[in-house]
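Work through the exercises below with the structure open beside the text. Each task is followed by a solution that goes step by step.

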Amino acid sequence: MNVMLLDKSEPTPAPQHCMLLPTSTHDGNGDASMGDDPRATLLLNGKIYQSTNESAAPTYATCMLVRGDSIEHVGTETDDVVAAARAGGARVKDLQGQTVLPGFIDGHVHLLLAGQCLKKVDLEGCKNVDDVRTQIKRYAESQPHIPRIFCRGWTHSMTPDGVDASLLDDLDPRPIFVDTKDLHSTWCNAAAVDEVCRVMDISAETPDPAGGTIQRDGTGKPNGVFNESAVFQIIWPFVARVASMAERKEAIKGALTQFNSVGYTGIIDMAMDDNIWEPLMELRRDEGGLRGIRVAAYWLMRPDESRDKVLAQVDRAAALAREFNAETTPDCRLVGVKVICDGIVDACTASLTEPYSSRESPDPMWSEQVLDSLVARAHEAGLQVALHAIGDRAISMAIDVLEKGTDRSRRPRIEHLELASADDARRLGKLGITASIQPVHSDPAILRAWPRLLGEDRCRRAFAYREFVDGGAPLALGSDAPTAPHEPLPNLYVATTRRSYRELGLETTVSPELALTVCQAVAGATHGSAYSCFADEWTGRLRPGMKADFVVAQVELTAEKLVQGVVRETWFEGRRVYPVEG
């Protein structure tokens with residue numbers, strides 16, 4: 001790991017405060033007072049983010065006029081349009097020096113899982129298998145009536161000697177499911193294995209799914225651990241099947257509310273399937289649309305040895321996209337397909353050009369020939385393609401496939417890009433491929449096993465965000481929630497400092513020369529994510545004519561201070577959705 005200490009004595013540029021004299025038309029807490037024109041809101045006495053030079057310090061306007069669901073004007077208090085709005089009875093909101101940013105758009109999230117995780121046992125603070133067992137047993141004793149116990153946050157580093165069902169069987173007789181932090185493995189007790197096998201028709205003779213493994217005992221029976229596509233194709237469908245429609249709708253609604261509360265006005269779901277789509281559509285019907293947030297979805301492609309079956313999945317996604325798009329359902333649309341090309345570093349399932357320290361590197365989950373056909377069919381149908389690629393071998397293959405079949409107008413994207421070579425970092429921009437990154441995955445607190453697995457030299461190339469930007473690649477920032485914390489300001493902090501948000505006292509950084517500037521990070525989390533899913537024509541920037549999607553935050557836009565920032569309000573199409581008005 002390229003570990004360096006930051007020089008805290010180095011001065012940081014001062015933020016540009018553009019303070020206005022207080023107006024006489026506001027209440028004590030800054031909420032907008034009612035005028036004669038309730039469709040117009042004039043925001044004064046704040047810092048309206050306006051930066052377009054992503055390499056420079058942030059710049060601001062001092063006021064913004066919102067009319068209806070859109071931004072009408074951004075400027076200064078002395079502008080004629082501001083005086084006219086006052087005279088016309090616009091509501092006036094005193095920002096009291098706070099910062100207004102475009103509404104955040106999470107460029108990569110798992111919506112249903114994020115909602116379900118709100119009720120799972122949190123194991124993130126555990127250090128070893130004894131901690132894990134203690135936490136699960138304590139929770140089980142406190143919840144005697146629930147039918148199953150679901151847990152999250154397990155990492156392979158907590159259990160370096162491996163796991164199986166027997167390590168959980170004595171804790172509770174109910175089915176226990178333990179997800180890794182990255183969601184690429186699930187560890188079950190025997191009761192959970194038996195239930196999954198019964199419901200999903202799994203036996204000792206069932207072959208491993210393409211791109212995944214069902215770990216087995218000496219007789220061939222599943223021993224309690226499911227990896228990679230075995231999670232996506234067996235565990236996720238099982239969990240969705242045993243959850244009622246009402247429970248899935250409640251989980252989705254809870255996730256949307258949670259994302260609104262920290263400043264998101266848009267999310268991009270990166271593993272959509274029927275188990276998520278059906279409750280999402282029913283929730284829309286119940287509530288007359290998604291209120292306060294927009295969802296763009298990518299349909300998950302499942303590996304299959306049959307090319308025809310793979311292309312049939314693309315055709316299904318294309319049919320849904322024709323029905324649910326920006327014209328028909330702008331609050332919830334299907335824009336593309338998602339393909340998982342490899343696994344993760346911590347489980348040694350990311351596909352690398354050189355072996356891990358302890359084992360050979362696996363092949364990518366898909367052959368290049370099948371991917372060629374998939375990408376061609378998707379682009380013919382007007383769909384975007386998002387390829388999950390973490391290891392350098394998988395990244396090279398993903399770029400090769402997109403180079404042969406890239407339709408730049410479809411804005412292809414690659415997710416994660418954790419170990420890209422220098423050549424591939426440059427190729428992204430050359431081909432117009434969006435780099436969809438999750439800075440919270442570069443938190444040094446969760447990378448302690450990487451030097452041992454990869455060696456110091458490869459660690460120095462991890463998360464090469466600055467190289468992507470310097471090469472001209474569009475950048476989209478996301479969280480990959482629930483695999484990582486979803487709050488946007490800590491995400492920006494890690495992106496710009498390469499320091500830990502999980503352990504704020506940790507004095508190490510991950511290749512700080514590859515950090516983003518504050519403005520690059522803000523752009524990636526707003527306009528960049530909007531661009532990545534064809535939403536940049538109406539959201540992602542605070543400009544006249546754009547939708548009035550914004551957040552009011554108490555934050556200083558310098559790298560070190562981002563982690564101290566707090567989102568106070570979230571506004572969607574000119575209406576405050578957090579805290580809820582009224």
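**Exercise 1.** Describe how helix H16 packs against helix H17.

Solution. Helix H16 covers residues 488-497 and helix H17 covers residues 518-532, and the two pack at an angle of about 140° with their axes 9 Å apart. Helices (H or I, at least four residues) and strands (E, at least two) are DSSP runs, numbered from the N terminus, while axes are lines fitted to C-alpha atoms, for helices over the stretch in contact, with angles running from 0 to 180 degrees between N-to-C directions. The angle therefore makes H16 oblique to H17, because angles under 35 degrees count as roughly parallel, over 145 as roughly antiparallel, 65 to 115 as roughly perpendicular and the rest as oblique. On the H16 side the contact (heavy atoms within 4.5 Å) is made by Leu492, Ala495 and Thr496, and on the H17 side by Val518, Ala521, Val522 and Ala525. Sorted by class, these residues are six nonpolar, one polar and no charged, where Ala, Val, Leu, Ile, Met, Phe, Trp, Tyr, Cys and Pro count as nonpolar, Asp, Glu, Lys and Arg as charged, and the others, Gly among them, as polar.

The model is predicted, so local features need pLDDT of at least 70 and side-chain atom pairs count only at pLDDT 80 or more, whereas totals for chains, interfaces and linings use all residues. Residues are numbered from 1 along each chain as its sequence is written, and side-chain values use heavy atoms, with hydrogens and water left out.

**Exercise 2.** Work out the arrangement of H5 and H6, and state which residues meet.

Solution. The axes of H5 (residues 190-200) and H6 (residues 229-242) come within 10 Å and cross at roughly 85°, which means that H5 is roughly perpendicular to H6. From H5, Glu195, Val196, Val199 and Met200 take part, and they meet Gln233, Ile234, Ile235, Pro237, Phe238, Arg241 and Val242 of H6. This contact divides into eight nonpolar, one polar and two charged residues.

**Exercise 3.** Find two cis peptide bonds and a residue with positive phi.

Solution. Most residues other than glycine have a negative phi, and most peptide bonds are trans. The bond from alanine 481 to proline 482 is cis, with omega near 10°, and proline 482 is found in the loop between strand S21 (475-477) and H16. The bond from tyrosine 578 to proline 579 is also cis, with omega near -15°, and proline 579 lies in the segment after strand S24 (575-578). Asparagine 45, whose phi is near 65°, is found in the loop between strand S1 (37-44) and strand S2 (47-49).
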